[in-house]
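Let's take a walk through this model together, with the structure open beside the text.

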Amino acid sequence: GLITLNFGSRTDAHRYKNSGMLEVVCDAEISRPGDNLEPPFETSRLTLPVRIDFDESTGAYPGEYTISMNRKGTVHVKDALIEIHRPAMFKRHGAVIVGEFLTLNRQSGELKQWLELDDGKKLQLITGTCKRADNAPF
């Protein structure tokens, strides 16, 4: 017989459902910059819903920049990681924002959201932990 050992090259993609609608609820900490991008930022905690439509390859959450429940971003999936992205081109907080990103790690439940600035920097605004709205495993 033939034995195949694939150490370190196994994918987790088969463990996650990548079709239909995924609705999650996240306990999130939001950092809001003031008039410029200098810390300290105003922080608050809130419950944040996130919706991902795998069939349409779109995702949304109640964001304040380019992604909102009405302006969906494009979904990219790599194993356990789901990324929602929407390009932008506007000035806020003294910088030009060129994109908004949100990632959800289905293995850990970790949520991250950031803005990409025209100088290549990332401005991290939201972190949190998520679970499915129906309490089922990812």
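Start by finding Asp-53, which lies in strand 2, the stretch covering residues 42–53. Keep in mind as you look that this is a predicted model.

What does the side chain of Asp-53 reach instead? Follow it to the backbone nitrogen of Glu-56, at 3.1 Å. If you set aside the residues within four places in sequence, the contacts of Asp-53 are with Gly-20, Met-21 and Thr-58.

Strand 1, residues 21–32, runs antiparallel to strand 2, and twelve bridges join the two. To see one of these bridges on screen, pick Val-25 and look across to its partner in strand 2, Pro-49.

The eight strands form a closed barrel in the order 1-2-3-4-5-6-7-8, with antiparallel pairing. From one strand to the next, the twist averages 30°. The protein chain has eight strands and zero helices, so reading along the sequence gives the pattern β-β-β-β-β-β-β-β, given how strands are assigned.

Let's visit another part of the barrel. Strand 4, residues 73–78, and strand 5, residues 81–92, pair in the antiparallel sense over five bridges. Among them is the one from Val-77 to Ile-82, its partner in strand 5.

Ile-82 also turns up in the surroundings of our next stop, Thr-103. This residue sits in strand 6, which spans residues 95–105. Is Thr-103 buried or exposed? Its relative accessible area is 9%, and because buried means under 20%, Thr-103 counts as buried. Leaving out residues up to four places away in sequence, Thr-103 touches Leu-81, Ile-82 and Glu-83, along with Glu-110, Leu-111, Lys-112 and Trp-114. Between Thr-103 and Glu-83, which are 20 residues apart along the chain, the C-alpha atoms are separated by 4.4 Å.

For a last stop, leave the strands and look in the loop between strand 1 and strand 2, where you will find Leu-37. Its relative accessibility is 23%, so it falls between the 20% and 50% limits and counts as partly exposed. Beyond its neighbours within four places in sequence, Leu-37 is in contact with His-93, Ala-95, Leu-117 and Leu-123. Leu-123 is 86 residues from Leu-37 in sequence, yet the two C-alpha atoms are 8.5 Å apart in space.

Of its 138 residues, 36% count as buried. Among contacts with a separation of 6 or more, 43% come from residues 24 or more positions apart.

Terms used:
Residues are numbered from 1 along each chain as its sequence is written. This is a predicted model: local features need pLDDT of at least 70, side-chain atom pairs count only at pLDDT 80 or more; totals for chains, interfaces and linings use all residues. Side-chain values use heavy atoms; hydrogens and water are left out. Two strands pair if DSSP finds at least two bridges between them. Helices (H or I, at least four residues) and strands (E, at least two) are DSSP runs, numbered from the N terminus. Axes are lines fitted to C-alpha atoms, for helices over the stretch in contact, and angles run from 0 to 180 degrees between N-to-C directions. Buried means under 20% relative accessible area, exposed over 50%, partly exposed in between (1.4 Å probe, protein chains only). Contact means heavy atoms within 4.5 Å. A polar contact is a pair of N or O atoms within 3.5 Å; within protein, one must be able to donate a hydrogen and the other to accept it, and residues adjacent in sequence count only if both atoms are side-chain atoms.
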